[in-house]
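Welcome to a short tour of one structure and its side-chain contacts. Please keep the sequence and the 3D view open as you read.

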Amino acid sequence: MWIMNNAFIRSSYLLGSEGMERLGNSKVAIFGIGGVGSYAAEALARTGIGSLILIDYDTIDVTNINRQIHATSKTVGLPKVDVMRDRLLEINPGLIIEAIQERYTKDTRQEFLDPSFDYIIDAIDMVSSKIDLVTSSLEMGIPIISSMGAGNKFDPTAFLVSDIYNTRVCPLARVMRNELRKRGVKALKVVYSAEEPIDVNLGDIDRRKAIPGSVSFVPSVAGLILAGEVIKDIALREEDM
């Protein structure tokens with residue numbers, strides 16, 4: 001039993017033996033293994049999740065070092081999903097894990113979505129992909145939680161868990177609200193920041209082409225909150241749910 005595994009004994013004190021067993025029997029897919037998704041993946045692995053699917057097309061860039069848990073001077077240039085898989089297996093060798101280096105879009109959704117998923121974490125940056133992932137997951141009856149914007153934010157205490165239609169301030173959440181409403185989506189659990197985006201100093205960079213500013217202690221918190229919500233929803237759910 002999972003509770004007998006000393007690696008997770010501290011977690012079992014909070015989640016109970018039945019909760020730990022549910023986690024150990026669960027499969028979670030994480031779309032986007034960047035500043036948010038990498039921390040969500042690690043938190044799930046360290047809590048005793050049984051199976052993880054990591055989806056991200058990108059490789060680690062030197063600019064990722066300031067905020068992504070798998071990014072180091074030794075991993076620059078390597079696929080994010082492969083580095084994250086290897087790291088998580090060092091943490092929990094018993095973890096069943098699949099790493100998929102490919103971009104999720106509406107044209108590739110059939111390659112990724114599986115009704116056997118117990119939960120999906122959306123940590124994708126591209127709006128069109130986020131919308132398709134959310135609507136497709138809900139149509140398949142797969143629980144999903146979605147991360148809103150963490151760029152140009154500086155206050156890690158400003159994150160909230162909410163329904164998408166109760167969000168405010170976040171520009172990405174505003175776009176998602178409008179697009180999901182058009183598609184008839186009634187509800188979506190999200191993690192978003194209520195902090196006003198910071199007007200960053202970009203120098204001569206065209207704002208329309210600028211990449212958002214970031215720090216180590218903001219996207220990581222969003223990822224940990226996402227993982228926490230998934231863990232609570234799986235481990236602490238009622239037996240008849």
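Where is the place of Asn152? Asn152 sits in the loop between β5 and β6. Please bear in mind throughout that the model is predicted.

## Backbone: two positive phi values

Most residues other than glycine have a negative phi. Asn152, in its loop between β5 and β6, has a positive phi instead, near 55°.

Val169 is another residue to look at: it is not a glycine, yet its phi is positive, at about 70°. You will find Val169 in the loop between β6 and α6. With a relative accessible area of 25%, Val169 is partly exposed.

## Aromatic pairs

A pair of aromatic rings is described by the distance of the centres and the angle of the planes. How many aromatic pairs does the count come to? There are four aromatic pairs. In one of them, Tyr104 and Phe112 are 5.7 Å apart, centre to centre, with 50° between the planes, which makes the pair tilted. Tyr104 and Phe112 are both buried. Phe31 joins the picture too, as ring pairs link Phe31, Tyr104 and Phe112 into a cluster.

Now turn to Phe154 and Phe217. Their ring centres are 5.3 Å apart and their planes stand at 75°; because an angle over 60 degrees counts as edge-to-face, the pair of Phe154 and Phe217 is edge-to-face. Phe154 belongs to the loop between β5 (144-147) and β6 (159-163), while Phe217 belongs to the loop between β7 (189-193) and α7 (219-235), so this pair ties together parts that are 63 residues apart in sequence.

## A charge over a ring

One more ring deserves a look. Arg103 lies over the face of Tyr57, at 3.8 Å from the ring centre.

## The largest pocket

What space lies in the largest pocket? The largest pocket holds about 1300 Å³. Its lining is made up of 47 residues, and those closest to the pocket centre are Arg67, Ile124, Asp125, Ile211 and Pro212.

Sorted by class, the lining of the largest pocket contains 21 nonpolar, 15 polar and 11 charged residues.

## Salt bridges

Side chains of opposite charge can pair when their charged atoms come close. The structure holds 13 salt bridges. One of them joins the side chains of Asp86 and Arg85, at 3.2 Å from N to O. Asp86 is partly exposed at 42% relative accessibility, and Arg85 is partly exposed with a relative accessible area of 24%.

Another salt bridge brings together the side chains of Lys106 and Asp107, at 3.4 Å from N to O. Are Lys106 and Asp107 buried or exposed? Lys106 counts as exposed at 54% relative accessibility, and Asp107 is exposed with a relative accessible area of 64%.

Which residue forms a salt bridge with Lys232? The partner is Glu229, with the closest N and O atoms 3.0 Å apart. Lys232 and Glu229 are three residues apart in helix α7, so about one helical turn separates them. Lys232 counts as partly exposed at 42% relative accessibility, whereas Glu229 counts as buried at 12%.

## A residue in strand β2

To finish, find Leu52 in strand β2 (residues 51-55). Is Leu52 buried or exposed? Leu52 is buried, with a relative accessible area of 0%. In sequence, Leu52 and Tyr119 are 67 residues apart, and in space their C-alpha atoms are 10.0 Å apart.

Key:
Residues numbered from 1 in each chain as written. Predicted model: local features only at pLDDT ≥ 70, side-chain atom pairs only at ≥ 80, totals over all residues. Heavy atoms only, no water. Phe/Tyr/Trp six-rings, centres within 6.5 Å; stacked < 30°, edge-to-face > 60°. Buried < 20%, exposed > 50% of the residue type's maximum accessible area, 1.4 Å probe, protein only. Helix = DSSP H or I, 4+ residues; strand = E, 2+ residues; numbered from the N terminus. Lys NZ or Arg CZ within 6 Å of the ring centre and 35° of its normal. 1 Å grid on protein atoms, 1.4 Å probe; cavity = no way out; pocket = protein on both sides within 12 Å on 5 of 7 lines; lining within 4 Å. Points joined across faces, edges and corners; volume = space filled by probe spheres on them. Nonpolar A, V, L, I, M, F, W, Y, C, P; charged D, E, K, R; others polar. Salt bridge = Lys/Arg side-chain N within 4 Å of Asp/Glu carboxyl O.
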